[in-house]
Amino acid sequence: MEWVALASAVIGAVGTYAGGQAQKRQMESQAMMTRLQSQSQALQYRSDALGFQEEAVANLKNTRINLATLNARGASGNLDPYSGSLGNLMTVNLAEGLQDYDTAVSNYLMTRENIKMQREMAGFQAAIYMAAGDTAEMAANIQAGTQLASGGAAAWNAGAFSSTASTPSPYSGPHI
């Protein structure tokens, strides 16, 4: 009977150990998934950032085209392009173009910061998952050790390890 207690403890400890290993693998998988989701989000942010860069360049190009058009029209009418209402139009056009450019650049820079924050948050979350996995593994190992120790103690108390313990002989007949 004492061997049954010991065997039960060993089986329970093996199950606990396996459960801890499975929980650790699950936490590692969650950490990996968090990192992959972060990479996917970073790619989306990069795409957004490129869009803002293109918008900024387009704003400058449109401003340049508008200023050139105003200048050409003024020159074709023998007007000074840098004075009077034509000069005011150029100044307003330049100010609006630069404001649009500045907005696009600001959006670009904010998007780049979002990429950095996303990666840092994902790294932090992945570290939490990895630590949880390590903790689960350690707790399972301690519990498995405790189960083995308890089963061994129960078997010891029942006399499984004493020299007077009766062990059945594999052969009980007369010796030849």
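**View 1. The whole protein chain and its surface.** The accessible surface of the protein chain comes to about 12,200 Å², and 60% of that area belongs to carbon and sulfur atoms. Welcome to a predicted model, in which the protein chain holds two helices and zero strands. Of its 176 residues, 24% count as buried. Take the contacts in the protein chain with a separation of 6 or more: 83% of them come from residues 24 or more positions apart.

**View 2. Helix α1, end to end.** This helix takes in residues 2–76, 75 residues in total. How far apart are its end C-alpha atoms? They are 111 Å apart, which agrees with the 111 Å that α1 should span at 1.5 Å a residue.

View 3. L67 sits in helix α1. Is L67 buried or exposed? Its relative accessible area is 19%, so L67 counts as buried, the cut-off being under 20%. Which residues does L67 touch, leaving aside those up to four places away in sequence? They are M90, N93 and L94.

**View 4. The L67 and N93 pair.** For those who like a distance to check, the C-alpha atoms of L67 and N93 are 7.2 Å apart in space. Along the sequence, L67 and N93 are 26 residues apart. This pair is also in contact, as N93 is one of the residues that L67 touches.

Terms used: Residues are numbered from 1 along each chain as its sequence is written. This is a predicted model: local features need pLDDT of at least 70, side-chain atom pairs count only at pLDDT 80 or more; totals for chains, interfaces and linings use all residues. Side-chain values use heavy atoms; hydrogens and water are left out. Helices (H or I, at least four residues) and strands (E, at least two) are DSSP runs, numbered from the N terminus. The expected span of a helix is 1.5 Å times one less than its number of residues. Buried means under 20% relative accessible area, exposed over 50%, partly exposed in between (1.4 Å probe, protein chains only). Contact means heavy atoms within 4.5 Å. Accessible areas come from the Shrake-Rupley method with a 1.4 Å probe; for residues, only the protein chains shown count as cover.
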